Amino acid sequence: MAPNTQKRAAAKFYQEDIVRRKDDPSAYGVILRCWQDAEDMPPQGDHVDPLMRPLVQGEVGVSYFPKPVREIVSEDVLELVDRLYQPGDFLKRSVDDVRSGVVTSTHVKARLEHAVSGQPIPGWKDTDEVESTVDIDMGEYVIYNDWVGQVVEMFDESLVEVPGGTLVRLPELSARLAVGEKGSDILPQPMSSVSGILGFLLGGNRPSDRDTVIQVKHTVLAIAWLAINQSLSPEEAQSRPRPQRYWYGSDLGKLTTVTRRAEEAMRVGDRVRLKDGSGPVTTHGRFTESYGAIEVDTLVVQETKTTVDVLWQDGTKETIDVKQTVPYLNPDEYDCWPGDHVIWKTEDEKRHVVVQSVNAQDRTAYVRVVETGAIELASVLELDPHGTGDWSALSPASDGLGVRRGDFVFIHREGTTNGAKPPMVPRIGEVEEWVRDPPTVGPNGQLGGWRREMTDIGTRIAEQRGQEGSVEEAPIKRPQKGDNSLNWFGEVLDLRLDGTIEVILPNSETVVVPLERLTRLYDSVEQLEDLWGDDEGTIEEGEEVEVWEMDQDGHWVEGTIDDDDDEWESADEELDADDSMDVESAEGGGDWSPSTDTVIPPLHVEPSSMVVDSVVPSEPPRPTSSEGRPHSPDVPKDATEPDDTEPDAHTDTPWKRFEVLPSAPVDHAFYNTPPAQHTRQFMARMAKEYKALQSSLPDSIIVRAYEDRTDLLRSLIIGPENTPYEDAPFVIDWMLDANFPQTPPIAHFLSWTNGNGRVNPVEEVGRNLYEEGKVCLSILGTWAGDKSESWSASRSSLLQALVSIQGLVLVKEPWFCEPAYEKLRGTEDGIVNSRLYNEKAYVLSRGFVRRALEIPLGGLEEELKCFYYTNGKLRKVLDDARTLIEKSRATKEVEELPEADRERAVPRLSSGGIITLERTLAKLQALLDAHPAAEEEGKR
């Protein structure tokens with residue numbers, strides 16, 4: 001059945017967009033949630049926050065300001081005011097535009113008003129007319145004694161004006177308040193636990209909606225020191241120990257802040273002042289009071305309008321209003337931009353190149369070969385912008401290729417390098433263990449751990465404020481022009497076409513350095529995100545999975561999955577033909593249908609040969625079969641009995657879909673793992689697994705088990721018809737640990753992409769077949785999906801896992817396999833990305849055919865030769881690919897093709913796809929020419 005091609009409306013807004021209500025132009029807001037956002041886990045808890053209910057298409061969650069009102073509304077009631085970008089972000093003119101660009105700089109103008117009085121400032125103000133009133137903020141970088149650190153926590157003292165004009169001091173561990181904020185949620189509610197210094201400072205004041213923040217001081221900073229100046233000699237570095245954790249009082253004046261360019265741009269809600277001092281001032285308090293009179297010249301940014309400088313993929317540059325663009329949130333893994341350092345991977349070599357320009361429509365790029373300086377044309381499908389694959393065994397996996405605009409980098413001394421093989425760039429930054437500690441609260445409501453220690457310091461300072469010997473904060477320093485002491489650190493400003501990197505230093509000077517003299521800063525935020533991301537989607541053994549689902553009223557509720565104790569019957573009971581494991585039909589499996597043109601012919605077995613004795617032989621001597629082959633005591637007895645049934649005479653296939661071979665091949669991914677000591681119960685379970693595989697495997701799946709390694713299997717899945725994987729071999733090796741079936745089988749995908757990327761949904765949301773061999777599926781316990789889809793000893797089977805891969809992974813539109821992308825089905829964004837992805841999957845999977853035929857695959861050599869040579873499938877792969885190339889060259893757009901061709905999984909190829917595919921076809925043709933007799937037999 002043809003898919004539904006009706007297009008759905010694209011999203012109008014994105015996270016952090018500044019919007020205004022059409023029915024109330026004074027009501028500004030910021031978008032916090034969008035219907036198209038990737039939200040893997042539903043909100044949990046009581047959901048008193050109105051933004052936490054599920055969104056339907058066309059809805060957004062918005063937070064208004066200055067009044068703290070939050071709601072979910074239709075996109076149609078809002079209009080876009082401004083869109084936020086920072087250098088290094090990607091964008092497009094529209095979602096269906098294949099060309100994208102990278103932001104190189106931003107230009108912001110703002111409307112301002114006084115933070116307390118609300119008095120507006122006439123006209124629009126440029127960024128260079130204002131300065132921030134906040135000396136430092138969470139996440140900012142600081143430098144001290146050749147060390148770079150990052151602020152991870154702050155203790156604040158705020159002055160709050162309450163009704164009557166009295167000022168009270170509010171000390172707290174947080175950075176939640178800003179000058180001008182008003183409301184009854186500023187001061188803590190009266191509780192019996194509010195005592196000591198906090199109760200003393202607040203006196204008898206109670207929260208009021210007129211409470212106003214007049215001043216905020218960051219009195220204590222917790223700093224995570226990440227890395228030291230990389231231009232120092234080892235002796236110099238050794239003499240500079242890691243600085244202290246807490247900074248306060250006069251020590252604050254020893255720190256120098258380094259602000260990212262993106263943070264210098266004005267954003268709605270920022271607190272600033274006019275550099276010329278011409279803004280309005282309000283006075284609070286009384287000169288006779290201990291605090292004295294407090295003058296406030298702080299202004300708040302009410303509205304912004306932004307233009308950005310964009311470098312498009314084709315090398316053109318443009319300054320454009322952000323409202324004429326959309327964020328490019330799901331870049332293709334092959335996307336690259338001028339100046340990028342990438343690896344050009346062909347079947348014969350790998351070369352370091354610098355991108356000069358990209359034709360996004362044709363998927364081709366002009367690149368400069370670093371070694372020779374030559375400019376050459378390449379397919380983007382052969383360019384690796386991310387460093388996947390084995391490029392440099394010396395480089396840790398966390399390193400990447402090149403740098404991006406906006407990255408902070410260390411600059412090595414002239415004449416030295418970062419030690420990595422270009423274009424690899426190492427990253428450095430050690431987050432101490434204390435930073436990873438989650439907040440803890442004791443039974444008395446007080447924080448624990450290092451946060452308790454920091455709170456004690458801040459509270460003591462607040463208590464002594466104004467007394468003799470009290471601690472006074474020194475101003476934090478900012479880099480000054482002409483000061484060269486920090487010129488070993490900077491922010492990437494631009495990537496030049498000759499491969500050099502332009503870096504802006506803390507003193508605002510710009511230098512140009514070669515890539516090999518840079519090391520990227522790996523900051524604490526990035527490290528913590530990577531730490532949490534490593535475990536994302538993986539279910540540990542014995543872990544309880546909390547399941548949330550939407551009820552019929554659209555509310556999130558905790559799911560209850562009934563895992564009935566329908567354990568497989570006793571091992572001593574005989575399995576009837578109908579008493580097999582639960583193999584549910586995979587949703588989405590209807591996208592393919594087995595046919596004699598695309599599947600391995602079936603094995604027909606008489607019922608009498610299907611009986612599997614589940615009793616494990618216990619005699620010490622190894623019995624001998626009628627063929628003289630010894631039985632392994634580790635294999636269910638009748639699983640190795642010869643099958644007298646002849647292969648299907650009509651298809652003339654010499655193999656079986658399931659077979660137990662004498663020994664595991666040495667190229668098995670788990671061959672070198674020590675075999676597990678399996679129990680009698682394990683062997684009984686395997687007898688049933690074998691029987692299910694022998695009787696119920698689809699025609700397009702082959703499985704091999706081994707007498708000497710009952711814990712290992714190898715499967716071959718032929719890509720289904722009318723998918724980008726059609727006729728391609730997918731080999732997955734399996735291992736069953738000692739706890740099977742209580743734990744799921746472990747899978748390893750044999751990826752033959754030549755390091756050119758994955759063949760199933762990728763990027764950070766990719767969950768299926770990974771280039772490094774990982775197979776991510778709920779049933780394998782490698783991805784946290786619905787509990788009903790997870791592995792269950794009573795309900796799941798090896799057969800079900802195999803069918804899941806074929807039915808849920810090797811599908812017509814694999815880009816939508818990821819739930820976050822599924823909601824984009826039918827949208828322009830989804831259509832464009834899916835087509836690009838299918839082309840890549842098709843081209844790379846043709847290479848799988850070549851790899852399977854060139855390098856013998858243990859235990860499946862004859863099956864593959866027969867399928868591709870004797871049965872003529874290699875000729876079909878060649879003919880189909882050449883027909884597709886011919887149609888692609890005759891048309892420029894998919895819409896020009898006949899309707900039947902438009903419904904194909906891969907209706908046409910780009911020029912870049914053709915370049916890569918033709919390289920593979922030349923190799924496949926050579927393989928076919930080397931087997932002329934087999935080809936003629938296949939034709940007959």
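1. R242 is partly exposed, with a relative accessible area of 26%. The model is predicted, so local features need pLDDT of at least 70 and side-chain atom pairs count only at pLDDT 80 or more, while totals for chains, interfaces and linings use all residues. Residues are numbered from 1 along each chain as its sequence is written, and side-chain values use heavy atoms, with hydrogens and water left out.

2. R242 has a salt-bridge partner in E430, with the closest N and O atoms 2.9 Å apart. The pair links distant parts of the chain, 188 residues apart. E430 sits in the loop between β30 and α4 (449-464), and R242 in the loop between α2 (234-238) and β14 (246-248). E430 counts as partly exposed, at 48% relative accessibility. A salt bridge here is a side-chain nitrogen of Lys or Arg within 4 Å of a carboxyl oxygen of Asp or Glu. Helices (H or I, at least four residues) and strands (E, at least two) are DSSP runs, numbered from the N terminus.

3. The structure holds 52 salt bridges. One of them joins the side chains of R657 and D699, at 3.2 Å from N to O. R657 lies in the loop between β36 (556-558) and β37 (658-661), and D699 in the loop between α6 (680-696) and β38 (701-706), so the pair ties together parts that are 42 residues apart in sequence. R657 counts as buried, at 10% relative accessibility. D699 is partly exposed, at 24%.

4. R889 and E918 form another salt bridge, with 3.0 Å between the closest N and O atoms. This pair connects two helices: R889 is in α11 (residues 873-890) and E918 in α13 (residues 911-929), 29 residues apart. R889 counts as exposed, at 55% relative accessibility. E918 counts as partly exposed, at 33%. Elsewhere, salt bridges that share partners join E157, R169, K217, R465, E472 and E473 into one network.

5. Strand β11 (residues 147-161) pairs with β12 in the antiparallel sense over 7 bridges. Two strands pair if DSSP finds at least two bridges between them. The hairpin has 5 residues between the strands, and G164 takes a positive phi near 100 degrees there.

6. How many residues of β12 are buried? The count is 7 of the 7 in this strand (residues 167-173), so β12 is largely enclosed by the rest of the structure.

7. Strand β3 (residues 59-65) is joined to β4 by 5 bridges. V62 stands opposite E71 in β4.

8. Another open sheet has 6 strands in the order β30-β34-β28-β31-β32-β33, and its pairing is mixed. β30 (427-428) and β33 (510-513) stand at the edges with a single partner strand each, so one side of each is left without a neighbour in the sheet. β30 pairs with β34 (residues 518-521) in the parallel sense over 2 bridges. I428 stands opposite L521 in β34.

9. Helix α9 (residues 828-854) has 27 residues. From its first C-alpha to its last, α9 reaches 40 Å, close to the 39 Å expected at 1.5 Å a residue. The expected span is 1.5 Å times one less than the number of residues. α9 is mostly covered, with 24 of its 27 residues buried.

10. Y366, I375 and L377 make a nonpolar surface patch of about 290 Å². I375 is in strand β25 (residues 375-379) and is partly exposed, at 48% relative accessible area. Patches are made of residues with over 30% relative accessible area and no salt bridge; like charges are joined within 9 Å, and nonpolar side chains (Val, Leu, Ile, Met, Phe, Trp, Tyr) within 5 Å. Accessible areas come from the Shrake-Rupley method with a 1.4 Å probe, and for residues only the protein chains shown count as cover.

Methods: Buried < 20%, exposed > 50% of the residue type's maximum accessible area, 1.4 Å probe, protein only.
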